[in-house]
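Trainee: I would like to go through the labels on this model one by one. For each, I want the value set against its rule.

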Amino acid sequence: MPRGVFITLEGLDGSGKTTQIKRLAAWLTRRGQEPVLLRQPGGTPTGDRIREILLSSRSSALAPMTEMALMFADRAQAIAEVLQPALDAGRVVLCDRFTDSTEAYQGGGRQLGSAAVLDLHRLICGGLQPDLTLLLLPSFEASLARARHRNKRMETETGTDEGRFESEKDAFFRRVWEKYREIAAREPARVVLIEGDLTIDEVHEQIVESVAERLLTAAQKR
Ligand code: TMP
């Protein structure tokens, strides 16, 4: 059985990933390639418990190293339980965030550096890399305003408290932003950068174009 195709979506909180993942999943399903959906942190019963610790404002004393280790603990479980079996079965996997998020948020935002993240990635993920990463970077100000507004609304409507990252200072998100750009510049063959304040339809079109191209390459290799 040929390996499936592993696609990740990345970006700052409020970059529109969730909307785009839904639309891409629908597009793939219409083409007869219904994807396996995964998000990080989370996506497995153990991962959902780790997500709660990581995102709750009650975890205010979490040390940066603990945060990074928990992100990788979650990832190890997701790989073993969902990701690797799906790829082995030849499926398309759409994952909302992966190691690029750890490099951007913990490596950049928390200033632990890229080397520590990439070392852990090699050890824990066996170097498993996405075939394609779609990096959504609308303007910094728009993303941040959207993320903070969304978090307040979610707390009021559902009582879910996932505000620990959104309550970080602007300087933290600036560092995350810079690190994302650094990753895109370092790995242009894997990372497609979708920049600027585009409409939802425009972003979707760019995503579909990149995904169609990558699926074709994967099919030709078979
Ligand atoms: P989400 O709201 O897109 O699901 O993201 C959850 C938060 O977790 C988001 O603020 C980014 C953060 N995060 C990290 O800091 N490091 C990571 O490795 C991952 C996967 C997410």
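Trainee: Which way do Leu132, Leu134 and Leu136 point from β4, and which way do Thr133, Leu135 and Leu137 point?

Mentor: Leu132, Leu134 and Leu136 point one way from β4, and Thr133, Leu135 and Leu137 point the other way. All are buried. In a regular strand, side chains alternate between the two faces of the sheet. Before we go on, this is a predicted model: local features need pLDDT of at least 70, side-chain atom pairs count only at pLDDT 80 or more, and totals for chains, interfaces and linings use all residues. Residues are numbered from 1 along each chain as its sequence is written, and side-chain values use heavy atoms, with hydrogens and water left out.

Trainee: What makes β4 "largely enclosed"?

Mentor: Take the rule: buried means under 20% relative accessible area, exposed means over 50%, and partly exposed is in between, with a 1.4 Å probe and protein chains only. Strand β4 covers residues 132-137, and six of its six residues are buried, so the rest of the structure largely encloses it. Strands here are DSSP runs of E with at least two residues, helices are runs of H or I with at least four, and both are numbered from the N terminus.

Trainee: Which strands does β4 pair with, and how do you know?

Mentor: Two strands pair if DSSP finds at least two bridges between them. β4 and strand β1 (residues 5-11) have five bridges, in the parallel sense. β4 and β5 also pair in the parallel sense, over five bridges. For example, threonine 8 has threonine 133 as its bridge partner in β4. Leucine 136 has isoleucine 194 as its partner in β5.

Trainee: What is the strand order of the sheet, and which strands are called edge strands?

Mentor: Five strands form an open sheet, ordered β2-β3-β1-β4-β5, with parallel pairing. The edge strands are β2 (36-39) and β5 (191-195), as each pairs on one side only. The twist averages 20° from one strand to the next, taken between axes fitted to C-alpha atoms, with angles from 0 to 180 degrees between N-to-C directions. On the β2 side, four bridges join β2 to strand β3 (residues 92-96), running parallel. Leucine 37 has leucine 94 as its bridge partner in β3.

Trainee: Why is the contact between aspartate 201 and arginine 23 called a salt bridge?

Mentor: The rule asks for a side-chain nitrogen of Lys or Arg within 4 Å of a carboxyl oxygen of Asp or Glu. In this pair the closest N and O atoms are 2.7 Å apart. Aspartate 201 lies in helix α8 (residues 200-221) and arginine 23 in helix α1 (residues 17-30), so the pair ties together parts 178 residues apart in sequence. Aspartate 201 is partly exposed, at 43% relative accessibility. Arginine 23 is partly exposed too, at 30%.

Trainee: How many salt bridges does the rule give, and which residues form a network?

Mentor: The count comes to 15. Asp100, Glu103, Arg186, Glu187 and Arg190 are linked in a network. Within it, glutamate 187 and arginine 190 have their closest N and O atoms 2.9 Å apart. Arginine 190 counts as buried, at 8% relative accessibility.

Trainee: How do you know that the buried residues of α7 line one face?

Mentor: They include Phe172, Val176, Trp177 and Ile183. Seen down the axis of α7, its buried residues fall within an arc of 165°, so they line one face of the helix. That arc is of the directions from the helix axis to the C-beta atoms. Lysine 179 is buried, at 12% relative accessibility. Its salt-bridge partner, glutamate 182, has the closest N and O atoms at 3.2 Å. Glutamate 182 is partly exposed, at 42%.
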